[in-house]
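Dear colleague,

Please find below the structure that I am handing over to you, followed by an account of what was found in it.

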Amino acid sequence: VYRDCIFFWDYEAGVLERRMTGVSEIVHKVPKGFERNSLFLEHMKYFLKRIESPEIAPLCSLSDGVSVLCVAEAAKVSNERGCGISINQVKI
């Protein structure tokens with residue numbers, strides 16, 4: 001659980017960094033050679049396979065999808081306001 005911290009995404013470097021008072025750590029770094037478009041193509045292929053075979057498990061649950069949407073909305077609102085906000089402040 002991440003509390004009282006701020007996450008920074010550096011799009012150019014492909015690095016997600018978590019910052020807390022006096023502490024900074026790289027949480028995720030995009031692997032070398034990563035092609036962003038490949039991600040979308042692979043997800044689309046998987047989606048089409050699931051249409052043909054509904055018994056194939058989804059890549060994430062509905063609950064996970066809602067959580068990701070909350071994080072994305074919090075990032076958007078934080079950017080618009082120019083300050084950090086809690087994910088709990090976001091209404092979906």
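Arg19 is partly exposed, because its relative accessibility is 36% (the class lies between buried, under 20% relative accessible area, and exposed, over 50%, with a 1.4 Å probe and protein chains only). Arg19 forms a salt bridge with Glu17, and their closest N and O atoms are 3.2 Å apart; the term denotes a side-chain nitrogen of Lys or Arg within 4 Å of a carboxyl oxygen of Asp or Glu. Glu17, by contrast, counts as buried, at 19% relative accessibility.

Please note that this is a predicted model, in which local features need pLDDT of at least 70 and side-chain atom pairs count only at pLDDT 80 or more, while totals for chains, interfaces and linings use all residues. Residues are numbered from 1 along each chain as its sequence is written, and side-chain values use heavy atoms, with hydrogens and water left out.

Salt bridges

The structure holds 4 salt bridges, including the one between Glu17 and Arg19. Another joins Glu42 to Lys45, with 3.4 Å between the closest N and O atoms. These two residues are 3 apart in helix 1, so about one helical turn separates them. Both are partly exposed: Glu42 has a relative accessible area of 47%, and Lys45 stands at 48% relative accessibility. In helix 2 (residues 62-81), Glu80 and Lys76 are 4 residues apart, which again means about one helical turn. Their side chains meet in a salt bridge at 3.7 Å, N to O. Here Glu80 is exposed at 57% relative accessibility, whereas Lys76 is partly exposed at 44%.

The sheet

Three strands make up an open sheet in the order 1-2-3, with antiparallel pairing. Strands are DSSP runs of E with at least two residues, and helices are runs of H or I with at least four, numbered from the N terminus; two strands pair if DSSP finds at least two bridges between them. At the edges are strand 1 (6-10) and strand 3 (23-29), each of which pairs on one side only. Strand 2 (residues 15-20) is joined to strand 3 by 6 bridges, and the two run antiparallel. Within this pairing, Met20 has Val23 of strand 3 as its bridge partner.

A nonpolar surface patch

Met44, Phe47, Leu48 and Ile51 form a nonpolar patch on the surface, with about 410 Å² of accessible area together. Areas come from the Shrake-Rupley method with a 1.4 Å probe, and for residues only the protein chains shown count as cover. A patch consists of residues with over 30% relative accessible area and no salt bridge, like charges being joined within 9 Å and nonpolar side chains (Val, Leu, Ile, Met, Phe, Trp, Tyr) within 5 Å. Ile51 lies in helix 1 (residues 36-52) and is exposed, with a relative accessible area of 53%.

Cysteines

How many disulfides does a search of the whole structure find? The search finds 0, where a disulfide is a pair of cysteine sulfur atoms within 2.5 Å.

Yours sincerely
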